[in-house]
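User: Here is a structure I would like to understand. Please take me through it.

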Amino acid sequence: DGVPAYFCSIIMKLRYSLVVRNTDINYFIPKLFYARPLIKLIVRKSRSLIFVSEAYHRRFQERWPSIINCARKIMVVPNGVESFWLEQPEAIGLSHQDYRECGVIYVGKFNENKNIGGLFSAVQSLNQKTPCKLTLIGGSLDQVRALCGIQGRLPDWLQVKEWVSSDSELVKELSKHRVFAMPSFKETFGLVFVEALCCGCSIVHSKNEGIDGFFEEEFIQSVDPAAVDEIEQAIAKLLKGFPLGIGKDTARRVTQRFDWNEVAKDYLDAFK
């Protein structure tokens, strides 16, 4: 997409900025090595080079310093969430009253990249030591069976929902759980992490992917997605350390930077 932006900048005298996507960093730049001189030119002529995650910024700097060093300005600007989510801490109170029935929740696509199988194995192992429920939302039971290698009936601690009817219903599901876990192998950003924080969940995410680098809080744990034991240990640590999830004041503090009003200001600065 940067190529037409570059030509428009010549013909119409427009300013443009570039946003690095998952496909850019994982497919186009690594595989289209013959196009890198053109990519450098496009980056050099842009007003700024924007990354939606600190993890991708670090990876880009390590792998293609000759490209990133062409940029006039480098920015890390996260995606924003709708005000509906940022208002949730005040609306629901994050009480987690029936915390004994709470556990781990995942919301998203059911595919191999999202590492549903690794999450299932981690919670399965944890259940051998302490009771822990797992709720998966976003796909079919057949998909779960295939990804997790489940034969016969589902474990009592596992619940699967294809989807929920509305954002309000999703808020109810998230606020009933203490930990949101999505240990994807590849993840550009993932707004659902922020949405889960808004609803009082602590977080398990993948190292060097998605939201990695945005937070330093203890209730947000990064793991190697290929290491089931790390996923299990992170979940166990959060369940023990934050038995009621996180409070509304904490949720508000860590999610304010994802307000679209703040994100929009950053994007305006990108064109200066």
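Analyst: Gladly! A nonpolar core is a set of buried Ala, Val, Leu, Ile, Met, Phe, Trp, Tyr and Cys residues joined through side-chain atoms within 4.5 Å; buried means under 20% relative accessible area, exposed over 50%, partly exposed in between (1.4 Å probe, protein chains only). This is a predicted model: local features need pLDDT of at least 70, side-chain atom pairs pLDDT 80 or more, and totals for chains, interfaces and linings use all residues. Numbering starts from 1 along each chain as its sequence is written, and side-chain values use heavy atoms, without hydrogens and water.

User: How many residues are in the largest nonpolar core?

Analyst: In soluble globular proteins, nonpolar side chains tend to be buried together. Here, Leu 119, Leu 136, Leu 158, Leu 174, Phe 180 and Ile 235 have the most contacts inside the largest nonpolar core. That core has 60 residues.

User: How many residues are in the second, separate core?

Analyst: Tyr 16, Val 43, Ile 67 and Cys 70 are included in this second core, which is separate. It has 18 residues.

User: What covers the buried residues of α2?

Analyst: Helices (H or I, at least four residues) and strands (E, at least two) are DSSP runs, numbered from the N terminus. In α2, which spans residues 22–31, Asp 24, Ile 25, Asn 26 and Ile 29 are buried. Their cover includes β1 (18–20), α3, α4 (54–63) and α5 (65–68).

User: Are α2 and α4 roughly parallel or roughly antiparallel?

Analyst: Axes are lines fitted to C-alpha atoms, for helices over the stretch in contact, with angles from 0 to 180 degrees between N-to-C directions; under 35 degrees counts as roughly parallel, over 145 as roughly antiparallel, 65 to 115 as roughly perpendicular and the rest as oblique. Asn 22, Ile 25, Asn 26, Ile 29 and Pro 30 in α2 meet Tyr 56, Arg 59, Phe 60 and Arg 63 in α4. The axes are 10 Å apart, at an angle of about 20°. The two helices are therefore roughly parallel.

User: Which residues of α3 make the contact with α1?

Analyst: Helix α1 (residues 2–11) packs against α3 (residues 36–45) at about 55°, with the axes 10 Å apart. That angle makes α1 oblique to α3. From α1, the contact uses Gly 2, Val 3 and Tyr 6; from α3, it uses Leu 38, Leu 41, Ile 42 and Lys 45.

User: Is Lys 13 buried or exposed?

Analyst: Lys 13 sits in the loop between α1 and β1. Its phi is near 60°, a positive value in a residue other than glycine. With a relative accessible area of 68%, Lys 13 is exposed.

User: What is the relative accessible area of Asn 208?

Analyst: Asn 208 lies in the loop between β8 (202–206) and β9 (220–223). Although not a glycine, Asn 208 has a positive phi of about 60°. It is partly exposed because its relative accessible area is 41%.

User: How far apart in space are Pro 243 and His 177?

Analyst: Pro 243 is in the loop between α12 (228–241) and α13 (248–255), and counts as partly exposed at 34% relative accessibility. In sequence, Pro 243 and His 177 are 66 residues apart. In space, C-alpha to C-alpha, they are apart by 9.8 Å.

Definitions and conventions:
Contact means heavy atoms within 4.5 Å.
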